[in-house]
Amino acid sequence: MSDELFPSGPWTGFYNYSPQDKHRMDLDLTFAGGKMSGDGNDDVGRFAISGQYDVKSLECWWTKTYTGAHSVFYRGFREGKGIWGTWEITPHSHGGFHIWPEGMPDPTGSHLTEQADLPQAVEESESRELVTAPTA
């Protein structure tokens, strides 16, 4: 395996609470020597990324920390259609995500747009169930 599967640069994608609930993310990621870092923004605000990736297992995990606010833990898997997996703030506040290198067509077949409404508060998300991206 090669680090080519983890290209540094702009990435785009979404996080969600349910399959129909996509919230766009734009990221600028750097992958080097098993470490990943970067920054980006979404409908919650600006954030920093700090984590790791493994070219053998194709697994990656990182923390997304919003400026002056909370952090979100991500765990994902790299395959031909980007990185997909789950995010979690607390055991009761979690969902799915899918990101891919910018310039690659949306592998989910949908067209990403900015959400007009802000997501519900974290404490209101306790009733949401875990959602993971499809494997193929």
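Colleague: Which side chain does Lys64 meet in a salt bridge?

Modeller: Keep in mind this is a predicted model. The Lys64 side chain pairs with that of Asp42, at 2.8 Å from N to O. Lys64 sits in strand β5 and Asp42 in strand β3, so the bridge ties together parts that are 22 residues apart in sequence.

Colleague: Are Lys64 and Asp42 buried or exposed?

Modeller: Both Lys64 and Asp42 are buried.

Colleague: How many salt bridges does a search of the whole structure find?

Modeller: It finds 4. One of them joins Glu59 and Arg75 at 2.6 Å, N to O, linking strand β5 to strand β6 across 16 residues. Glu59 counts as buried because its relative accessibility is 17%, under the 20% cut-off. Arg75, at 37%, is partly exposed.

Colleague: And what does Asp39 pair up with in a salt bridge?

Modeller: Arg46, at 3.8 Å from N to O. Asp39 is partly exposed at 34%, and Arg46 is partly exposed at 45%.

Colleague: Switching to the largest nonpolar core: how many residues does it have?

Modeller: It has 22, and Trp62, Ile83, Phe97 and Ile99 make the most contacts inside it. Strand β2 gives the largest share, 4 residues.

Colleague: What does Trp62 touch?

Modeller: Leaving out residues up to four places away in sequence, its contacts include Met36, Ile49, Val72, Phe73, Ile83, Phe97 and Ile99.

Colleague: Back to β2 then. What does the His23 side chain make a polar contact with?

Modeller: The side chain of Asp21, at 2.9 Å. His23 is in β2 and is buried, with 3% relative accessibility.

Key: Residues numbered from 1 in each chain as written. Predicted model: local features only at pLDDT ≥ 70, side-chain atom pairs only at ≥ 80, totals over all residues. Heavy atoms only, no water. Core = buried A, V, L, I, M, F, W, Y, C linked by side-chain atoms within 4.5 Å. Buried < 20%, exposed > 50% of the residue type's maximum accessible area, 1.4 Å probe, protein only. Helix = DSSP H or I, 4+ residues; strand = E, 2+ residues; numbered from the N terminus. Contact = heavy atoms within 4.5 Å. Polar contact = N/O pair within 3.5 Å; in protein donor to acceptor, adjacent residues only side chain to side chain.
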